[in-house]
Amino acid sequence: MPISRADIATESGDKLINRLCKHWAHKLEVEQEEGKGRVTFDVGSCLMTSEPGRLHVAVEALDEEGLDRLEGVVASHLERMAGKETLEIVWEN
């Protein structure tokens, strides 16, 4: 299963995890605890963890096509949930 990771500089990691988990909980399986969130999609999963000044995101998919799709979905939602804060999201395989 291919995996991509992004290490994002932000002071809003916990807030972003909370917003995304609440947003996706309406349609997807979501697990959340303090500073962590896991979302299960039909093609894979997304694990988010926060620490001061950083948000770590890992996406795992069944195949490369699904991985590309998840990278796009997760990045676009993170950017939307960040509001006025600009996030630099660089995926590494």
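I counted the secondary structure of the chain first: two helices and five strands (DSSP runs, H or I of at least four residues for helices and E of at least two for strands, numbered from the N terminus). Along the sequence I read the pattern β-α-β-β-β-β-α.

I noted that this is a predicted model, where local features need pLDDT of at least 70, side-chain atom pairs count only at pLDDT 80 or more, and totals for chains, interfaces and linings use all residues. Residues are numbered from 1 along each chain as its sequence is written, and side-chain values use heavy atoms, with hydrogens and water left out.

Next I looked up overall size. The C-alpha trace spans about 30 × 25 × 20 Å along its principal axes. I then checked burial: 42% of the 93 residues count as buried (under 20% relative accessible area with a 1.4 Å probe, protein chains only).

I searched for aromatic pairs and found one (rings of Phe, Tyr and Trp, the last by its six-membered ring, with centres within 6.5 Å; planes under 30 degrees apart are stacked, over 60 edge-to-face, the rest tilted). Tryptophan 24 belongs to helix H1 (residues 13–24) and phenylalanine 41 to the loop between strand S3 (36–40) and strand S4 (44–51), so the pair ties together parts 17 residues apart in sequence. I found both tryptophan 24 and phenylalanine 41 buried.

Methods. Buried < 20%, exposed > 50% of the residue type's maximum accessible area, 1.4 Å probe, protein only.
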